[in-house]
Amino acid sequence: ADPAGSTPPEGSVYEWYKRGLDLLKAGSPAAAVQLLSRAAEAEPESPSLREALARAQFGARRFADAAESFRWIVEDNPSEDYALFGLGLSLSRLGEFSAAVEHLALAVAMRPDNKHYTQALRHVRATLDARK
């Protein structure tokens, strides 16, 4: 429930969300994608649902879908560093290294202390350099 008093999503959608997160944690991203896709269809404006779906899509190696989900979050909230990181990783898995560097560099600029962000950026830059 939301302490601010706004109406929470229907219990069934919230249950799908929670079960989807549990499946993701348990190492079943493909199953999580199915549940979280349904939840995201029911609550299309929910950034937390969209992020969970994007993480599940990435884990299920559905990188184009993950990129699309992370991009939706970034377009809605450009300062969402985790979504920029996810978008950059997804794009790098798709071989779109220049675009990946752009998003990863923004994530690193927002959170220079995050070693996952800086490692990912370094890796993608090295891949780009190796291809030149």
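**Figure 1. Helices α5 and α7 cross with a left-handed sense.** This is a predicted model. The two partners are α5 and helix α7, the latter covering residues 115-131. Their axes lie 11 Å apart and meet at an angle of about 30 degrees. Angles under 35 degrees count as roughly parallel, so α5 and α7 are roughly parallel to each other. From α5, the contact draws on Asp81, Tyr82, Phe85, Leu89 and Ser92. From α7 come His116, Tyr117, Ala120 and Val124. Sorted by class, the contact of α5 with α7 has six nonpolar residues, two polar and one charged.

**Figure 2. Helix α5 packs against helix α6.** Helix α5 spans residues 81-93, and helix α6 spans residues 97-110. The angle between them is about 155 degrees, and their axes are 8 Å apart. Angles over 145 degrees count as roughly antiparallel, so α5 and α6 are roughly antiparallel to each other. The crossing of α5 past α6 is left-handed. On the α5 side, the contact is made by Asp81, Leu84, Phe85, Leu87, Gly88, Leu89, Leu91 and Ser92. On the α6 side, Phe97, Ala99, Ala100, His103, Leu104, Leu106, Ala107 and Met110 take part. Twelve residues of the contact of α5 with α6 are nonpolar, three are polar and one is charged.

**Figure 3. Helices α2 and α3 pack at an angle of about 150 degrees.** The axes of α2 and α3 are 8 Å apart. The angle makes α2 roughly antiparallel to α3. Here, too, is a left-handed crossing, with α2 passing α3. In α2, the residues that meet α3 are Pro29, Ala32, Val33, Leu36, Ser37, Ala39 and Ala40. Their partners in α3 are Leu49, Ala52, Leu53, Ala56, Gln57 and Gly59. What classes make up the contact of α2 with α3? Ten of its residues are nonpolar and three are polar, with no charged residues.

**Figure 4. The largest pocket has a volume of about 150 Å³.** Which helices each supply at least two residues of its lining? They are α2 (29-42), α3 (47-59) and α4 (63-76). The lining consists of Ser37, Ala40, Glu41, Pro44, Arg50, Leu53, Gln57, Asp65, Glu68 and Ser69. Some names return from the previous view. Ser37 and Ala40 line the largest pocket, and in α2 they also belong to the residues that meet α3. Leu53 and Gln57 are likewise in the pocket lining, and they are among the α3 residues that meet α2.

Conventions. Residues are numbered from 1 along each chain as its sequence is written. This is a predicted model: local features need pLDDT of at least 70, side-chain atom pairs count only at pLDDT 80 or more; totals for chains, interfaces and linings use all residues. Side-chain values use heavy atoms; hydrogens and water are left out. On a 1 Å grid over the protein atoms alone, a cavity is a set of points where a 1.4 Å probe fits but cannot get out, and a pocket is an open set with protein on both sides within 12 Å along at least five of seven lines; lining residues have an atom within 4 Å of a point. Grid points are joined across faces, edges and corners, and a volume is the space filled by probe spheres set on the points. Helices (H or I, at least four residues) and strands (E, at least two) are DSSP runs, numbered from the N terminus. Axes are lines fitted to C-alpha atoms, for helices over the stretch in contact, and angles run from 0 to 180 degrees between N-to-C directions. Angles under 35 degrees count as roughly parallel, over 145 as roughly antiparallel, 65 to 115 as roughly perpendicular and the rest as oblique. A crossing is left-handed if the near helix is turned anticlockwise from the far one by less than a right angle, and right-handed if clockwise. Contact means heavy atoms within 4.5 Å. Ala, Val, Leu, Ile, Met, Phe, Trp, Tyr, Cys and Pro count as nonpolar, Asp, Glu, Lys and Arg as charged, and the others, Gly among them, as polar.
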